[in-house]
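Please read the following report beside the sequence and the model.

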Protein chains: 2
Amino acid sequence: MPMILVDGLPENAVPADDRGFTYGDGVFRTLAMHNGRAQWWPQQYAKLAADCGALHITPPLESDLLRDLKTIAAQLPDCALRITVTRGSGGRGYAVPENPQSRRVVFASPLPEYPAHWLEQGISLRVCELRLAAQPRLAGIKHLNRLESVLARAEWIDPAIAEGLLLDVAGHVIEGTRCNVFIVEDGVLATPDLSHCGVAGVTRDLVIAAAGRNGLHCHIEPINRQRLEAATEVFLVNSLIGVWPVAVLEQRRWSGFKVAPLVRKWLNAFDHPLH
Amino acid sequence: MPMILVDGLPENAVPADDRGFTYGDGVFRTLAMHNGRAQWWPQQYAKLAADCGALHITPPLESDLLRDLKTIAAQLPDCALRITVTRGSGGRGYAVPENPQSRRVVFASPLPEYPAHWLEQGISLRVCELRLAAQPRLAGIKHLNRLESVLARAEWIDPAIAEGLLLDVAGHVIEGTRCNVFIVEDGVLATPDLSHCGVAGVTRDLVIAAAGRNGLHCHIEPINRQRLEAATEVFLVNSLIGVWPVAVLEQRRWSGFKVAPLVRKWLNAFDHPLH
């Protein structure tokens with residue numbers, strides 16, 4: 001059973017005039033709770049606040065969210081959390097109301113279960129036909145305008161395919177439908193530049209930081225598909241899947257993953273108790 | 001007081017797991033009701049169904065919507081209607097659930113009041129800094145991913161400015177934040193091609209059809225800002241404002257509008273009783 005808190009109160013619904021519903025005018029985070037602890041909380045909260053700021057939405061107080069998480073932890077100590085923050089209700093058309101009261105919705109559901117061998121043996125990735133549009137004003141932000149992701153995810157139904165790779169119009173690799181992408185080249189990491197499109201996830205930031213601490217440099221730059229296919233390793237990251245090595249991308253095969261397991265180990269070092 | 005029907009029932013809220021709220025996974029229409037009649041209903045319903053179809057969302061039955069409108073007309077015979085259709089609840093992440101049950105939300109509120117002189121003397125238009133992203137898969141559809149419109153509308157607060165003009169990255173004129181744009185050149189109409197971005201409104205279609213019936217051809221093609229400024233007349237259309245001539249666009253001034261009043265008259269001929 002999912003558990004939902006709307007502005008701290010148990011609710012199943014949001015007002016029909018919420019701008020998240022009417023315009024997708026808001027942002028969200030997806031994260032894991034293990035043993036009652038929200039994973040990578042400081043980074044998750046910082047990114048939530050930054051994304052709110054980018055859209056001039058007042059972020060919720062961290063103390064309010066921590067109280068929500070405590071309420072949820074009491075009933076669902078192991079769950080997937082989705083924290084949505086919208087600009088709140090109202091306004092005339094697209095115009096923002098004078099004193100918008102942002103709204104927070106915390107949604108807790110069971111942690112997703114993925115085939116265990118995906119972690120070690122790697123996953124199958126396909127290339128999506130949809131090309132991401134370039135909108136620098138929204139790039140990097142995990143906002144509620146996710147139709148591109150929905151359309152891309154609807155391109156396949158085969159459950160053996162774990163993820164879809166999204167390119168932009170110019171053919172640059174940007175991200176997976178719900179994760180960020182890293183490649184390994186000659187012992188150096190690279191991850192796509194997301195200044196024109198894509199979502200810059202917290203796990204991506206943590207991987208870059210963790211790699212740096214461990215002497216592994218990460219380039220952030222445009223990466224085309226040929227370069228990705230030539231990489232010695234490719235892996236996908238997000239806060240629920242952790243690190244998935246890519247074993248199959250259409251005709252290309254990879255195995256003997258060395259960097260992905262290391263990165264997974266480093267990531268775990270960021271997981272310390274906070275509340 | 002607004003009046004809201006969710007799947008035909010009076011409600012103030014939508015389920016928090018509605019994909020309209022979580023991903024902007026839906027479409028909407030804005031239209032006027034006068035004396036209990038929804039204006040241009042056949043066209044509005046056809047466009048709603050077409051937009052649903054473009055996203056593979058099952059459109060609501062016309063009979064269900066007509067029943068909703070009848071319920072609303074009994075209490076608010078003159079109102080602005082917003083009809084939202086979402087893919088409904090659930091699904092795991094972006095993946096669409098196996099048998100999605102689309103949801104309809106009809107929201108009735110007072111008709112907006114605009115300064116009376118805008119209709120005759122024309123409005124002030126500004127050029128928005130935000131450039132619309134090109135996404136052919138979503139172009140033309142009035143979907144719920146409207147952050148670009150929200151950001152563009154947030155660029156000005158001066159109530160004397162009625163609308164903001166949106167261009168794409170290449171500098172083509174696309175639309176207003178909430179309306180479509182027409183220009184008059186040597187007795188011929190032109191309106192921007194919307195195959196890469198923008199919303200193709202019902203009123204735009206009606207203007208093209210009405211002009212054609214009255215011997216006024218309309219080109220649908222890329223239009224840059226220089227061409228718009230060189231036009232003898234520019235006007236904006238949507239289902240709530242009708243037809244607004246543009247009097248001011250930064251340094252450019254227009255007056256003595258001849259085509260806009262004609263188009264307004266032609267549009268009214270499409271307004272016939274249906275239910």
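## Terms and basis

A residue counts as buried under 20% relative accessible area, as exposed over 50%, and as partly exposed in between, with a 1.4 Å probe and protein chains only. This is a predicted model, in which local features need pLDDT of at least 70 and side-chain atom pairs count only at pLDDT 80 or more, while totals for chains, interfaces and linings use all residues. Residues are numbered from 1 along each chain as its sequence is written, chains are lettered from A and ligands numbered from 1 in the order in which they are written, and side-chain values use heavy atoms, with hydrogens and water left out.

## Aromatic pairs

Rings of Phe, Tyr and Trp (its six-membered ring) are paired if their centres lie within 6.5 Å, and the planes count as stacked under 30 degrees apart, as edge-to-face over 60 and as tilted for the rest. By this rule there are 12 aromatic pairs over all chains. In one of them, the ring centres of Tyr114(A) and Trp244(A) are 4.9 Å apart and the planes stand at 90 degrees, so the pair is edge-to-face. This pair links distant parts of the chain, since Tyr114(A) is in the loop between strand 7 (103-109) and helix 4 (117-121) of chain A, and Trp244(A), 130 residues apart from it, is in strand 15 (residues 242-249) of chain A; helices (H or I, at least four residues) and strands (E, at least two) are DSSP runs, numbered from the N terminus. Trp244(A) is buried at 2% relative accessibility, whereas Tyr114(A), at 27%, is partly exposed. Together with Trp118(A), these residues form one aromatic cluster.

In chain B, Tyr23(B) and Tyr94(B) form a tilted pair, with 4.8 Å from centre to centre and 50 degrees between the planes. Tyr23(B) is buried, with a relative accessible area of 10%, and Tyr94(B) is buried at 10% relative accessibility.

## Charge over a ring

A charge sits over a ring if NZ of Lys or CZ of Arg is within 6 Å of the ring centre and within 35 degrees of the ring normal. In chain A, Arg82(A) lies over the face of Phe28(A), at 3.8 Å from the ring centre; in chain B, Arg82(B) lies over the face of Phe28(B), at 3.8 Å from the ring centre.

## Surroundings of Ser102(A)

Ser102(A) is in the loop between strand 6 (79-86) and strand 7 of chain A, where it is partly exposed at 24% relative accessibility. The C-alpha atoms of Ser102(A) and Arg87(A) are 4.4 Å apart, although the two residues are 15 residues apart in sequence. Leaving aside neighbours within four places in sequence, Ser102(A) has contacts (heavy atoms within 4.5 Å) that include Asp7(A), Ile57(A), Thr58(A) and Val85(A).

## Positive phi values

Trp40(A), a residue other than glycine, has a positive phi near 50 degrees. Trp40(A) lies in the loop between strand 5 (37-38) and helix 2 (41-54) of chain A, and is buried, with a relative accessible area of 4%.

Asn35(B), also other than glycine, has a positive phi near 50 degrees. Asn35(B) lies in the loop between strand 4 (26-34) and strand 5 (37-38) of chain B, and is exposed, with a relative accessible area of 64%.
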